Amino acid sequence: MNALTHNEGLALRTPATDALQATVSPVAVAAAAATAATAPAASARARPWVQGLRLPLQRARQVPPGLWLAWTVLALVLLWAVVPGWFSSHDPLVGLAGQQLRAPEAGHWLGTDALGRDVWARVVHGAVHSLSGALVAVGVGLVAGTALGLVAGAVGGRTDEALMRVVDVLLAVPSLLLSLTIIIVLGFGTVNAAIAVGVASVASFARLVRSEVVRVRRTEYVEAAFGSGGRFGAVLWRHVLPNSLTSVVALAALQFGTAILAIATLGFLGYGAPPPTPEWGLLIAEGRNYLSTAWWLTSAPGLVVVAVVLAVNRISVSLSGARP
(Lines give C-alpha, C1' and ligand atoms only; values in the text may rest on other atoms or scores of the structure.)
Protein backbone atom coordinates (compact mmCIF):
# COMPACT_ATOMS: atom_id res chain seq x y z
CA MET A 1 0.00 0.00 0.00
CA ASN A 2 2.77 2.41 0.88
CA ALA A 3 4.61 1.53 -2.31
CA LEU A 4 1.50 2.26 -4.35
CA THR A 5 1.01 5.60 -2.61
CA HIS A 6 4.64 6.49 -3.15
CA ASN A 7 4.39 5.70 -6.85
CA GLU A 8 1.19 7.71 -7.21
CA GLY A 9 2.90 10.66 -5.52
CA LEU A 10 5.77 10.45 -7.95
CA ALA A 11 3.33 10.25 -10.81
CA LEU A 12 1.49 13.31 -9.56
CA ARG A 13 4.60 15.42 -8.93
CA THR A 14 6.46 14.61 -12.11
CA PRO A 15 4.14 16.44 -14.61
CA ALA A 16 4.10 19.52 -12.40
CA THR A 17 7.86 19.56 -12.14
CA ASP A 18 8.24 19.08 -15.89
CA ALA A 19 5.72 21.83 -16.54
CA LEU A 20 7.63 24.21 -14.29
CA GLN A 21 10.90 23.39 -16.02
CA ALA A 22 9.25 23.81 -19.39
CA THR A 23 7.96 27.19 -18.26
CA VAL A 24 11.22 28.47 -16.77
CA SER A 25 13.68 27.21 -19.39
CA PRO A 26 12.38 29.24 -22.39
CA VAL A 27 12.35 32.39 -20.28
CA ALA A 28 15.95 31.84 -19.19
CA VAL A 29 17.06 31.08 -22.71
CA ALA A 30 15.33 34.16 -24.06
CA ALA A 31 16.89 36.35 -21.37
CA ALA A 32 20.33 34.97 -22.09
CA ALA A 33 19.85 35.52 -25.80
CA ALA A 34 18.65 39.08 -25.25
CA THR A 35 21.68 39.81 -23.08
CA ALA A 36 24.05 38.40 -25.69
CA ALA A 37 22.39 40.43 -28.45
CA THR A 38 22.32 43.65 -26.42
CA ALA A 39 26.06 43.64 -25.63
CA PRO A 40 27.31 43.93 -29.25
CA ALA A 41 24.58 46.45 -30.04
CA ALA A 42 25.56 48.59 -27.09
CA SER A 43 29.20 48.32 -28.08
CA ALA A 44 28.35 49.35 -31.66
CA ARG A 45 26.32 52.30 -30.41
CA ALA A 46 29.14 53.32 -28.13
CA ARG A 47 31.67 53.46 -31.00
CA PRO A 48 29.84 54.28 -34.26
CA TRP A 49 32.85 56.10 -35.72
CA VAL A 50 34.81 52.83 -35.73
CA GLN A 51 32.25 51.25 -38.03
CA GLY A 52 32.25 54.34 -40.24
CA LEU A 53 36.03 54.31 -40.69
CA ARG A 54 36.38 50.59 -41.29
CA LEU A 55 35.26 50.59 -44.95
CA PRO A 56 37.33 53.64 -46.04
CA LEU A 57 40.40 52.17 -44.35
CA GLN A 58 39.89 48.87 -46.15
CA ARG A 59 39.60 50.69 -49.47
CA ALA A 60 42.67 52.81 -48.69
CA ARG A 61 44.77 49.67 -48.17
CA GLN A 62 43.82 48.49 -51.65
CA VAL A 63 45.17 51.64 -53.36
CA PRO A 64 48.61 50.99 -54.93
CA PRO A 65 51.51 53.02 -53.48
CA GLY A 66 52.23 54.50 -56.91
CA LEU A 67 48.74 55.97 -57.07
CA TRP A 68 49.12 57.47 -53.60
CA LEU A 69 52.39 59.07 -54.73
CA ALA A 70 50.77 60.44 -57.89
CA TRP A 71 47.94 62.07 -55.94
CA THR A 72 50.44 63.48 -53.44
CA VAL A 73 52.52 65.09 -56.21
CA LEU A 74 49.43 66.55 -57.88
CA ALA A 75 48.05 67.87 -54.59
CA LEU A 76 51.39 69.51 -53.77
CA VAL A 77 51.60 71.24 -57.14
CA LEU A 78 48.00 72.42 -56.82
CA LEU A 79 48.90 73.97 -53.48
CA TRP A 80 51.82 75.70 -55.18
CA ALA A 81 49.38 77.23 -57.65
CA VAL A 82 46.81 78.28 -55.04
CA VAL A 83 48.97 79.44 -52.12
CA PRO A 84 52.58 79.84 -53.33
CA GLY A 85 53.38 82.07 -50.36
CA TRP A 86 53.18 79.04 -48.05
CA PHE A 87 56.19 77.48 -49.75
CA SER A 88 58.46 80.42 -50.58
CA SER A 89 59.00 83.87 -49.13
CA HIS A 90 61.18 85.13 -52.01
CA ASP A 91 59.91 87.34 -54.81
CA PRO A 92 60.10 85.34 -58.07
CA LEU A 93 60.54 88.50 -60.18
CA VAL A 94 63.13 90.44 -58.14
CA GLY A 95 66.78 89.42 -57.97
CA LEU A 96 69.17 89.89 -55.09
CA ALA A 97 72.39 91.84 -55.57
CA GLY A 98 75.49 89.67 -55.33
CA GLN A 99 73.47 86.43 -55.37
CA GLN A 100 73.80 85.57 -59.06
CA LEU A 101 74.16 81.89 -60.02
CA ARG A 102 74.41 80.63 -56.47
CA ALA A 103 74.37 76.83 -56.14
CA PRO A 104 71.61 75.17 -54.09
CA GLU A 105 72.08 75.94 -50.40
CA ALA A 106 70.10 76.46 -47.22
CA GLY A 107 68.87 79.95 -48.13
CA HIS A 108 68.10 79.01 -51.73
CA TRP A 109 67.00 75.39 -52.02
CA LEU A 110 67.35 75.31 -55.81
CA GLY A 111 69.95 78.04 -56.18
CA THR A 112 69.59 81.33 -58.00
CA ASP A 113 69.60 82.35 -61.64
CA ALA A 114 71.74 84.85 -63.57
CA LEU A 115 69.81 87.80 -62.11
CA GLY A 116 69.90 86.57 -58.51
CA ARG A 117 66.29 85.38 -58.45
CA ASP A 118 65.46 82.36 -56.29
CA VAL A 119 64.83 79.36 -58.55
CA TRP A 120 62.66 77.57 -55.98
CA ALA A 121 60.38 80.61 -55.75
CA ARG A 122 60.14 80.83 -59.55
CA VAL A 123 59.29 77.14 -59.85
CA VAL A 124 56.61 77.38 -57.15
CA HIS A 125 55.03 80.55 -58.55
CA GLY A 126 55.24 79.15 -62.08
CA ALA A 127 52.80 76.37 -61.18
CA VAL A 128 49.82 78.70 -61.51
CA HIS A 129 50.73 79.61 -65.10
CA SER A 130 51.36 76.06 -66.27
CA LEU A 131 48.38 74.46 -64.49
CA SER A 132 45.90 77.18 -65.43
CA GLY A 133 47.03 77.01 -69.05
CA ALA A 134 46.64 73.22 -69.05
CA LEU A 135 43.18 73.56 -67.50
CA VAL A 136 42.08 75.99 -70.22
CA ALA A 137 43.49 73.71 -72.90
CA VAL A 138 41.65 70.65 -71.57
CA GLY A 139 38.45 72.67 -71.22
CA VAL A 140 38.58 73.84 -74.83
CA GLY A 141 39.30 70.36 -76.16
CA LEU A 142 36.72 68.68 -73.92
CA VAL A 143 33.83 71.03 -74.71
CA ALA A 144 34.44 71.34 -78.45
CA GLY A 145 35.36 67.68 -78.93
CA THR A 146 32.39 66.43 -76.92
CA ALA A 147 30.00 68.60 -78.94
CA LEU A 148 31.40 67.35 -82.26
CA GLY A 149 31.44 63.72 -81.19
CA LEU A 150 27.94 63.86 -79.71
CA VAL A 151 26.41 65.36 -82.84
CA ALA A 152 28.27 63.00 -85.17
CA GLY A 153 27.42 59.86 -83.21
CA ALA A 154 23.80 60.75 -82.50
CA VAL A 155 22.76 62.12 -85.90
CA GLY A 156 24.80 59.78 -88.10
CA GLY A 157 24.54 59.75 -91.89
CA ARG A 158 26.14 62.51 -93.88
CA THR A 159 26.56 64.70 -90.82
CA ASP A 160 28.66 62.02 -89.20
CA GLU A 161 30.78 61.58 -92.32
CA ALA A 162 31.37 65.32 -92.74
CA LEU A 163 32.36 65.90 -89.12
CA MET A 164 34.62 62.86 -89.02
CA ARG A 165 36.42 64.01 -92.15
CA VAL A 166 37.17 67.30 -90.40
CA VAL A 167 38.45 65.32 -87.41
CA ASP A 168 40.64 63.21 -89.70
CA VAL A 169 42.19 66.36 -91.14
CA LEU A 170 42.99 67.63 -87.62
CA LEU A 171 44.52 64.28 -86.70
CA ALA A 172 46.65 64.29 -89.85
CA VAL A 173 48.43 67.49 -88.73
CA PRO A 174 51.01 67.08 -85.92
CA SER A 175 49.66 68.62 -82.74
CA LEU A 176 52.71 70.82 -82.14
CA LEU A 177 52.60 72.19 -85.68
CA LEU A 178 48.87 72.86 -85.37
CA SER A 179 49.41 74.62 -82.04
CA LEU A 180 52.17 76.79 -83.52
CA THR A 181 49.94 77.73 -86.45
CA ILE A 182 47.08 78.76 -84.18
CA ILE A 183 49.28 80.67 -81.73
CA ILE A 184 50.87 82.64 -84.57
CA VAL A 185 47.38 83.71 -85.64
CA LEU A 186 46.18 84.53 -82.10
CA GLY A 187 49.42 86.00 -80.75
CA PHE A 188 51.82 85.06 -77.99
CA GLY A 189 50.86 84.53 -74.36
CA THR A 190 49.85 81.82 -71.92
CA VAL A 191 46.12 82.02 -72.70
CA ASN A 192 46.65 81.92 -76.46
CA ALA A 193 49.06 79.02 -76.08
CA ALA A 194 46.47 77.18 -73.99
CA ILE A 195 43.76 77.77 -76.59
CA ALA A 196 46.09 76.54 -79.34
CA VAL A 197 46.88 73.35 -77.39
CA GLY A 198 43.17 72.86 -76.69
CA VAL A 199 42.22 73.16 -80.35
CA ALA A 200 44.88 70.60 -81.21
CA SER A 201 43.25 68.12 -78.80
CA VAL A 202 39.69 68.54 -80.11
CA ALA A 203 40.06 65.69 -82.62
CA SER A 204 41.03 63.15 -79.94
CA PHE A 205 38.02 64.01 -77.79
CA ALA A 206 35.67 64.02 -80.79
CA ARG A 207 36.64 60.54 -81.97
CA LEU A 208 36.35 59.03 -78.50
CA VAL A 209 33.01 60.68 -77.75
CA ARG A 210 31.61 59.67 -81.11
CA SER A 211 32.51 56.00 -80.56
CA GLU A 212 31.01 56.03 -77.05
CA VAL A 213 27.81 57.73 -78.27
CA VAL A 214 27.36 55.16 -81.04
CA ARG A 215 27.76 52.35 -78.50
CA VAL A 216 25.33 53.84 -75.99
CA ARG A 217 22.87 54.85 -78.72
CA ARG A 218 22.29 51.17 -79.57
CA THR A 219 21.51 50.04 -76.02
CA GLU A 220 18.05 48.87 -75.03
CA TYR A 221 17.30 51.58 -72.47
CA VAL A 222 18.02 54.34 -75.00
CA GLU A 223 15.75 52.67 -77.57
CA ALA A 224 13.09 52.35 -74.86
CA ALA A 225 13.43 56.06 -74.06
CA PHE A 226 12.87 56.94 -77.71
CA GLY A 227 10.01 54.43 -77.96
CA SER A 228 8.23 55.91 -74.95
CA GLY A 229 8.00 59.29 -76.66
CA GLY A 230 11.21 60.94 -75.45
CA ARG A 231 12.44 63.90 -77.45
CA PHE A 232 15.74 63.57 -79.29
CA GLY A 233 17.57 66.28 -77.37
CA ALA A 234 16.22 65.18 -73.98
CA VAL A 235 17.26 61.55 -74.52
CA LEU A 236 20.74 62.63 -75.59
CA TRP A 237 21.15 64.86 -72.55
CA ARG A 238 19.68 62.51 -69.94
CA HIS A 239 20.74 59.08 -71.17
CA VAL A 240 23.31 59.10 -73.95
CA LEU A 241 25.75 61.80 -72.83
CA PRO A 242 26.10 60.81 -69.11
CA ASN A 243 26.73 57.17 -70.03
CA SER A 244 29.35 58.13 -72.62
CA LEU A 245 31.65 60.18 -70.41
CA THR A 246 33.46 57.49 -68.41
CA SER A 247 36.27 57.06 -70.91
CA VAL A 248 36.21 60.77 -71.73
CA VAL A 249 37.09 61.68 -68.12
CA ALA A 250 40.14 59.41 -68.25
CA LEU A 251 41.18 61.00 -71.56
CA ALA A 252 40.74 64.47 -70.05
CA ALA A 253 43.11 63.53 -67.21
CA LEU A 254 45.62 62.22 -69.73
CA GLN A 255 45.28 65.34 -71.86
CA PHE A 256 45.90 67.47 -68.78
CA GLY A 257 49.42 66.07 -68.51
CA THR A 258 49.91 66.35 -72.26
CA ALA A 259 48.77 69.98 -72.14
CA ILE A 260 51.30 70.80 -69.40
CA LEU A 261 54.05 69.34 -71.54
CA ALA A 262 52.81 71.12 -74.69
CA ILE A 263 52.53 74.51 -72.97
CA ALA A 264 56.02 74.07 -71.52
CA THR A 265 57.27 73.25 -75.03
CA LEU A 266 55.69 76.39 -76.48
CA GLY A 267 57.16 78.43 -73.62
CA PHE A 268 60.58 76.92 -74.28
CA LEU A 269 60.32 77.90 -77.95
CA GLY A 270 59.33 81.45 -77.01
CA TYR A 271 55.66 81.29 -77.98
CA GLY A 272 54.24 81.18 -74.46
CA ALA A 273 54.39 83.59 -71.57
CA PRO A 274 56.84 86.49 -72.04
CA PRO A 275 59.74 87.10 -69.62
CA PRO A 276 60.02 87.54 -66.68
CA THR A 277 56.96 85.35 -66.11
CA PRO A 278 58.05 82.26 -64.14
CA GLU A 279 56.50 79.71 -66.49
CA TRP A 280 58.14 76.28 -66.39
CA GLY A 281 58.99 76.07 -70.09
CA LEU A 282 60.43 79.58 -70.04
CA LEU A 283 62.53 78.72 -66.97
CA ILE A 284 64.09 75.80 -68.85
CA ALA A 285 64.76 78.04 -71.84
CA GLU A 286 66.44 80.71 -69.69
CA GLY A 287 68.77 78.19 -68.10
CA ARG A 288 69.90 76.35 -71.21
CA ASN A 289 72.80 78.77 -71.72
CA TYR A 290 74.21 77.87 -68.29
CA LEU A 291 74.12 74.07 -68.48
CA SER A 292 77.85 73.73 -67.88
CA THR A 293 78.04 76.18 -64.96
CA ALA A 294 74.54 76.21 -63.39
CA TRP A 295 72.85 72.89 -64.07
CA TRP A 296 70.08 73.56 -61.53
CA LEU A 297 68.50 76.26 -63.70
CA THR A 298 67.15 73.68 -66.14
CA SER A 299 67.13 70.55 -63.97
CA ALA A 300 64.74 71.88 -61.31
CA PRO A 301 61.85 72.98 -63.57
CA GLY A 302 62.47 70.06 -65.92
CA LEU A 303 62.13 67.50 -63.13
CA VAL A 304 58.98 69.21 -61.89
CA VAL A 305 57.39 68.99 -65.34
CA VAL A 306 58.32 65.31 -65.65
CA ALA A 307 57.00 64.50 -62.16
CA VAL A 308 53.67 66.25 -62.73
CA VAL A 309 53.12 64.67 -66.15
CA LEU A 310 53.92 61.18 -64.82
CA ALA A 311 51.59 61.70 -61.85
CA VAL A 312 48.71 62.84 -64.05
CA ASN A 313 49.25 59.92 -66.43
CA ARG A 314 49.17 57.47 -63.50
CA ILE A 315 45.91 58.98 -62.26
CA SER A 316 44.38 58.79 -65.74
CA VAL A 317 45.22 55.07 -65.88
CA SER A 318 43.35 54.51 -62.60
CA LEU A 319 40.35 56.52 -63.82
CA SER A 320 40.13 54.47 -67.01
CA GLY A 321 39.84 51.28 -64.96
CA ALA A 322 42.96 49.69 -66.45
CA ARG A 323 45.18 47.69 -64.15
CA PRO A 324 48.68 49.17 -63.51
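Author: From the N terminus on, the elements of the chain run α-α-α-α-α-α-α-α-α-α-α-α-α. Please keep in mind that this is a predicted model.

Reader: How many helices and how many strands are there in the chain?

Author: The chain has 13 helices and zero strands.

Reader: What share of the contacts joins residues at least 24 apart in sequence?

Author: Such a share is taken among contacts between residues at least 6 apart in sequence, and here 66% of them join residues at least 24 apart.

Reader: What can be said of burial and surface for the chain as a whole?

Author: Of its 324 residues, 36% count as buried. The accessible surface comes to about 18400 Å², and carbon and sulfur atoms account for 68% of that area.

Reader: Which residues of the largest nonpolar core touch the most other members?

Author: A nonpolar core joins buried residues through side-chain atoms within 4.5 Å. In this model the largest such core holds 57 residues, and Trp80, Val240, Ile260 and Trp280 touch the most other members. Helix α4, residues 119-155, gives the most to this core, with 11 residues. A second, separate core has five residues, among them Met164, Val167, Ala203 and Ala206.

Reader: With which residues is Ile260 in contact, leaving aside its neighbours within four places in sequence?

Author: On that basis Ile260 contacts Ser130, Leu131, Ala134, Trp280, Val308 and Val309.

Reader: Is Ser316 buried or exposed?

Author: Residues under 20% relative accessible area count as buried. Ser316 has 6%, and therefore it is buried. Ser316 is placed in helix α13, residues 296-320.

Reader: What does the side chain of Ser316 reach, and which residues does Ser316 touch beyond four places in sequence?

Author: The side chain of Ser316 reaches the backbone oxygen of Asn313 at 2.6 Å. Not counting residues up to four places away, Ser316 touches Ala250, Ala253 and Leu254.

Note on methods:
Residues are numbered from 1 along each chain as its sequence is written. This is a predicted model: local features need pLDDT of at least 70, side-chain atom pairs count only at pLDDT 80 or more; totals for chains, interfaces and linings use all residues. Side-chain values use heavy atoms; hydrogens and water are left out. Buried means under 20% relative accessible area, exposed over 50%, partly exposed in between (1.4 Å probe, protein chains only). Helices (H or I, at least four residues) and strands (E, at least two) are DSSP runs, numbered from the N terminus. Contact means heavy atoms within 4.5 Å. A polar contact is a pair of N or O atoms within 3.5 Å; within protein, one must be able to donate a hydrogen and the other to accept it, and residues adjacent in sequence count only if both atoms are side-chain atoms. Accessible areas come from the Shrake-Rupley method with a 1.4 Å probe; for residues, only the protein chains shown count as cover.
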